Amino acid sequence: MSFQPVKFYQTGTFTVGNRLLPPEERSVQASGKRFNSINSGHRACQGCGEALGARYAIDAAMEATDSQLIAANATGCLEVFSTPYPETSWQIPWIHSLFGNAAAVATGIAAAMKVKRAKGKVGDVRVVAQGGDGGTTDIGFGCLSGMFERNDDVLYICYDNGGYMNTGVQRSSATPAAARTATTPAVGHDPGNVFGQGKFLPAIAMAHDIPYVATATVADLRDLEAKVRRAMEFRGARYIHILVPCPLGWGTPSHDTIKMARLAKETGIFPVFEAEHGEVKSVLAIRRPLPVEEYLRPQKRFAHLFGKSPAVATIARIQALADKNIRKYRLQARQESH
Amino acid sequence: MEKPFAITLNPGSSLANHTGSWRTVRPEYVSRLPPCNAACPAGENIQGWLFHAESGDYEQAWRALTENNPLPAIMGRVCYHPCENGCNRQYVDASVGINSVERFLGDEAIKRGWKFATQAPISGKRVLVVGSGPAGLSAAYHLTRLGHQAVIYEAAELAGGMMRFGIPKYRLPREVLDAEIQRLVDFGVELHLQTKVTNILDTLKKGFDAVFLGVGAHIAKRAYIPAGDANKVLDAVSVLHNMEDASAPMLGRKVVVYGGGNTAIDVARTAKRLGAEEAIIVYRRTRDKMPAHDFEVEEALQEGISIKWLSTIKEAGESDIMIEKMALDENGFPQPTGEFERIEADSVVLALGQDTDLSLLDNVPGLIVDKGLIQVDKGMMTGHPGVFAGGDMANNERTVTVAVGHGKKAARAIDAWLRGETYAPPPKHEIATFERMNPWYYSDAPKTMRPVLDIIRRQSTFDEVLGGLDESNAQFEARRCMSCGNCFECDNCYGVCPDNAVIKLGPGKGFKFNYDYCKGCGMCVAECPCGAIRTVPEEN
């Protein structure tokens with residue numbers, strides 16, 4: 001586990017805070033004085049997982065860096081809904097350049113800050129780059145891999161909602177198998193996205209042997225905050241991949257965003273772990289094991305698997321992928337400690 | 001303002017964009033009625049007092065508890081805790097041990113000497129309370145809280161009613177009973193012992209404005225059993241009553257108890273402690289039909305008491321009795337089979353239920369008595385104006401907790417009646433059902449079991465069987481409460497809102513919504529652990 005679980009206080013580790021906890025043991029998000037790095041009035045859809053994930057992550061980074069933070073943003077939902085010129089929701093220094101170059105822009109800022117600091121003009125200013133899965137795993141992948149191999153002092157955060165959502169839900173290389181998108185329609189013999197394609201970027205990041213790689217979801221706030229904090233303890237290239245459900249693209253009710261992230265983790269569909277220098281250091285174990293069906297059924301993008309004659313074989317293939325994650329990352333449920 | 005190259009507009013904040021206009025449903029904070037509170041016959045606000053115990057403020061917890069029930073140390077021992085049967089935590093692991101926390105608070109209050117504080121201005125009204133059992137004590141307490149002078153007339157030489165003369169010591173130590181009664185006397189309740197009321201209308205004329213009757217049900221029901229001279233046939237009420245006198249009843253080596261209620265169990269366990277080698281309960285139906293509570297039956301069986309199911313006593317001989325085997329018919333009623341069996345018995349104790357002595361109510365016009373029970377309206381008033389009644393004499397569910405609830409209800413109705421009004425209870429909130437909660441957020445936490453006295457000591461002594469929790473256990477148990485339907489400030493709504501549209505008001509003050517930016521996604525509702533937020537449609 002990435003963090004010390006809170007001793008039993010009614011809700012223990014799972015809630016955002018709790019009146020019974022001393023303030024220092026509550027999450028950053030529980031504080032009445034949290035940064036709200038991304039402010040109200042943004043144009044994200046109702047129940048947007050990415051807006052939530054971005055606030056969770058950047059608020060934690062602000063806390064960890066004593067507010068000495070600059071963010072570079074790739075094109076994507078996060079950029080579009082937060083910053084329609086000339087208005088912005090960001091309450092931190094923030095820059096958007098192109099779809100594919102957020103990692104490179106961040107590298108440049110980090111280099112500039114290093115020089116300015118050496119000249120005594122600024123303090124220890126840290127740099128974050130962020131983008132969606134399209135800007136990260138597809139379009140920005142070259143720049144990102146370069147940032148990794150040069151070990152530039154940047155934390156890259158990818159908010160993975162499994163597709164190009166703001167342009168109308170097209171497939172990305174992070175779209176899960178069998179999911180219906182605008183470019184992988186639910187027609188033909190094997191409807192939806194093709195099995196055996198796409199990539200799991202956290203594993204590729206680990207292959208660069210960079211200091212820190214982690215995955216997280218918006219359903220596990222304590223874990224997410226602990227990982228951002230940990231990432232900020234390292235110098236060099238770091239990568240955090242956060243699963244952020246998208247009510248629009250996934251076809252789920254807006255109030256189920258956190259539930260969907262929780263189901264992704266509990267079914268083993270999305271492994272939550274952290275790795276240092278290419279080695280897995282800890283995983284967030286499954287708490288209440290569930291079959292993948294529980295995760296798939298509520299989503300309209302998988303509706304074609306559950307018609308009059310359910311696609312049993314396809315569901316079994318997805319279950320096999322989840323089982324592989326559980327084996328590979330050792331996610332089996334274990335006894336909860338109080 | 002001088003702008004850089006290609007910049008034509010000043011930067012602005014998204015706060016100008018009131019996304020609240022997107023909303024079709026709005027979230028609202030609500031308080032729902034926790035199932036424990038809904039199930040409590042004494043009307044305790046259980047979730048409310050556990051809330052204070054959770055933070056370790058036991059005095060505040062005790063004060064919140066005693067707003068409804070003045071006898072927590074007693075209740076924490078003898079209540080059959082229907083609250084725990086209602087508790088939503090049973091669907092997660094096991095119900096919260098509400099009863100054991102209540103007992104902890106009650107014992108803590110006795111240890112620390114906490115006293116009740118008066119609230120209402122003195123009304124100058126005097127209300128007579130007949131009987132010092134749980135109904136009478138509760139009525140007197142609540143009348144005092146409302147500013148009236150409560151005067152209890154008790155026929156016996158000691159106060160407590162059936163709590164003293166019906167419940168054995170091993171379930172309710174008398175020091176606890178005495179302490180909680182003394183606290184009521186200190187609070188201003190006038191208590192007159194050995195003062196039997198023989199004619200209620202005459203007594204009322206001695207300067208009382210109203211009366212609450214809580215005389216209980218002390219007359220044992222009998223069954224005709226042909227008996228030889230030498231065999232002793234006793235009744236449970238007098239056996240248990242005599243336990244409080246100097247002379248413990250002589251029951252002999254082999255004791256047969258006839259009946260299937262809690263009283264039958266109490267007598268059998270008492271007989272065992274008095275030295276009986278064998279205590280046998282004879283009951284005409286089966287265990288699932290037995291009115292006695294399961295855990296009491298279990299404890300009795302542990303102590304070596306045997307139970308003859310489906311049996312009736314035909315006759316009692318000199319040193320044995322004849323029992324007839326029964327069989328259940330298709331309607332579940334026992335029917336005789338004609339099969340007989342003799343078992344050895346030195347004495348037979350009948351525990352077949354109790355009736356009320358209603359002689360003090362002779363000549364009171366307007367009273368209605370049905371099947372031995374005095375009939376009362378919703379405010380516990382009998383057919384005679386100004387005469388209220390509660391407890392065992394007014395209902396068949398004869399528990400201390402029900403009686404305490406009656407006393408409270410009656411006190412409120414008397415208070416209203418004295419002012420020429422009718423008491424109207426505030427409308428109840430909807431129940432906080434488990435489906436409305438999000439149990440994911442509660443840590444796994446198994447129930448804390450209370451220590452149980454060794455079997456060997458339960459066979460010869462009247463030491464209390466069930467122990468209490470210590471402070472850390474009690475606090476742990478309190479924290480197992482899921483606070484169903486009532487905000488406990490876990491910060492979830494504040495944290496999970498993607499639009500920062502929840503405003504945190506600070507400790508004890510909860511939260512409010514910022515409807516300028518709330519888009520109505522409903523995430524706060526779905527992720528509220530305790531179901532204290534609901535969505536309602538927007539009007540336009």
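Let me begin with chain B of this model, which is a predicted one, and with its division into four domains: domain 1 covers 17-31 + 487-537, domain 2 covers 35-114 + 437-442 + 470-479, domain 3 covers 126-218 + 356-418, and domain 4 covers 223-350.

I would like to stay for a moment with domains 2 and 3 of chain B, whose centres, taken over C-alpha atoms, are separated by 26 Å. In the contact between them, 22 residues come from domain 2 of chain B and 25 residues from domain 3 of chain B, and the two domains bury about 1,900 Å² between them, with 65% of that area on carbon and sulfur atoms. How many salt bridges are there between domain 2 of chain B and domain 3 of chain B? The count is zero, although nine residue pairs, both members at pLDDT 80 or more, are in polar contact across this interface. On the side of domain 2 of chain B that touches domain 3 of chain B, helix H4 (72-78) and helix H6 (98-112) of chain B each supply at least two residues, and the largest share, six residues, comes from H4(B). Sorted by class, that side of domain 2 of chain B has 15 nonpolar, five polar and two charged residues.

Let me turn now to the interface between the two chains, where 49 residues from chain B and 50 residues from chain A take part in the contact. The area buried between chain B and chain A is about 4,400 Å², and carbon and sulfur atoms give 50% of it. Which residues of chain B lose the most area to chain A? They are B:Trp440, B:Arg479 and B:Asn500, and together they account for 18% of what the chain B side buries.

One of the salt bridges in the model joins A:Arg19 to B:Glu54, with the closest N and O atoms 2.8 Å apart. Between chain B and chain A, 34 residue pairs, both members at pLDDT 80 or more, are in polar contact. As for the elements involved, strand S1 (12-13), helix H2 (46-54), helix H16 (471-479), helix H17 (492-496) and helix H18 (523-527) of chain B each supply at least two residues of the side that touches chain A, and H17(B) gives the most, with four residues. By class, this side of chain B has 24 nonpolar, 14 polar and eleven charged residues.

The two chains also meet through strand pairing, in that strand S2 of chain A, residues 87-88, and S1(B) pair in the parallel sense over two bridges, with A:Thr88 standing opposite B:Ser13. Leading up to that strand is the loop between helix H2 (77-82) and S2 of chain A, in which A:Pro86 lies, and the peptide bond that joins A:Tyr85 and A:Pro86 is cis, with omega about 5°. Most residues other than glycine have a negative phi, and most peptide bonds are trans.

Next, two hairpins, one in each chain. In chain A, strand S8 (residues 273-276) and strand S9 (residues 279-283) run antiparallel and are joined by four bridges, with A:Glu274 partnered by A:Ser282. Two residues lie between these strands, and A:His277 in the turn has a positive phi of about 50°. In chain B, eight bridges join strand S13 (residues 320-328) to strand S14 (residues 334-344), again in the antiparallel sense, and B:Ile323 has B:Glu341 as its bridge partner. Here five residues lie between the strands, and B:Gly332 in the turn has a positive phi of about 85°.

Finally, over all chains the structure holds 57 salt bridges, and one of them is between the side chains of B:Arg32 and B:Glu430, at 2.9 Å from N to O.

How values were computed:
Residues are numbered from 1 along each chain as its sequence is written. Chains are lettered from A and ligands numbered from 1 in the order in which they are written. This is a predicted model: local features need pLDDT of at least 70, side-chain atom pairs count only at pLDDT 80 or more; totals for chains, interfaces and linings use all residues. Side-chain values use heavy atoms; hydrogens and water are left out. Domain bounds come from an automatic or database domain assignment. Contact means heavy atoms within 4.5 Å. Buried area is the accessible area (1.4 Å probe) that two parts lose on being put together, summed over both. A salt bridge is a side-chain nitrogen of Lys or Arg within 4 Å of a carboxyl oxygen of Asp or Glu. A polar contact is a pair of N or O atoms within 3.5 Å; within protein, one must be able to donate a hydrogen and the other to accept it, and residues adjacent in sequence count only if both atoms are side-chain atoms. Ala, Val, Leu, Ile, Met, Phe, Trp, Tyr, Cys and Pro count as nonpolar, Asp, Glu, Lys and Arg as charged, and the others, Gly among them, as polar. Two strands pair if DSSP finds at least two bridges between them.
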